[in-house]
Amino acid sequence: MYQFDIAAGSKAELYRDLASALDGLTADEPDAIANMANAAALIWEYLPDLNWAGFYRNVGGELVLGPFQGKAACIRIAFGAGVCGAAAATRETQRVDDVHAFPGHIACDAASASELVVPIVVNGEVLGVLDLDSPKVGRFDAEDQAGCEALIALLAPRL
């Protein structure tokens, strides 16, 4: 259906290409779950050194597992609990170099060493979070954060 040739010349180019691909996949699709599923698959395929990529949705004031790629995961996370809950509660991206040093970290996969969680906020409401885990300590940097925040800015109005 879609054929993407995502260049890995630089991180900035990679994230621009990912945004373009995500735009093409989600532009005309009104279903939030379908759009999250394609976003998770795209991120999983093209970002290196991940062991989990996916979404948690705000359902009744708690985060509930949504579309993802990777091992089975925790199903429900309270706002404020762990890295995902912190992102949802503060509405701020959480970039954690070493999850084992994060107070209250929830270890869904013991292999996870670092994490990047971007809140999804539309019209002042937290719809959920994008959660990326890596088995490498310090995997995510400021470019990853900016790139993933740009992906969520594109995706959020389509959820």
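Modeller: A cavity here is a set of grid points where a 1.4 Å probe fits but cannot get out, and its lining residues have an atom within 4 Å of a point. Keep in mind that this is a predicted model.

The search of the whole structure gives 1 cavity of 30 Å³ or more. The largest cavity holds about 190 Å³ of space. Its lining has 19 residues. Nearest the centre lie Ile106, Cys108, Glu115, Asp131 and Asp133. Helix α3 supplies the largest share, with 3 residues. By class, the lining of the largest cavity splits into 11 nonpolar, 3 polar and 5 charged residues.

Now the helix packing. Packed helices are described by the angle and the distance between their axes. Helix α1 spans residues 11–26, and helix α4 spans residues 142–155. Their axes come within 10 Å and cross at roughly 15 degrees. Angles under 35 degrees count as roughly parallel, so α1 is roughly parallel to α4. The crossing of α1 past α4 is right-handed. From α1, the contact uses Lys11, Ala12, Tyr15, Leu18, Ala19, Leu22, Asp23 and Thr26. From α4, it uses Glu143, Asp144, Gly147, Cys148, Leu151, Leu154 and Leu155. Sorted by class, the contact of α1 with α4 has 9 nonpolar, 2 polar and 4 charged residues.

How values were computed. Residues are numbered from 1 along each chain as its sequence is written. This is a predicted model: local features need pLDDT of at least 70, side-chain atom pairs count only at pLDDT 80 or more; totals for chains, interfaces and linings use all residues. Side-chain values use heavy atoms; hydrogens and water are left out. Axes are lines fitted to C-alpha atoms, for helices over the stretch in contact, and angles run from 0 to 180 degrees between N-to-C directions. Helices (H or I, at least four residues) and strands (E, at least two) are DSSP runs, numbered from the N terminus. Angles under 35 degrees count as roughly parallel, over 145 as roughly antiparallel, 65 to 115 as roughly perpendicular and the rest as oblique. A crossing is left-handed if the near helix is turned anticlockwise from the far one by less than a right angle, and right-handed if clockwise. Contact means heavy atoms within 4.5 Å. Ala, Val, Leu, Ile, Met, Phe, Trp, Tyr, Cys and Pro count as nonpolar, Asp, Glu, Lys and Arg as charged, and the others, Gly among them, as polar. On a 1 Å grid over the protein atoms alone, a cavity is a set of points where a 1.4 Å probe fits but cannot get out, and a pocket is an open set with protein on both sides within 12 Å along at least five of seven lines; lining residues have an atom within 4 Å of a point. Grid points are joined across faces, edges and corners, and a volume is the space filled by probe spheres set on the points.
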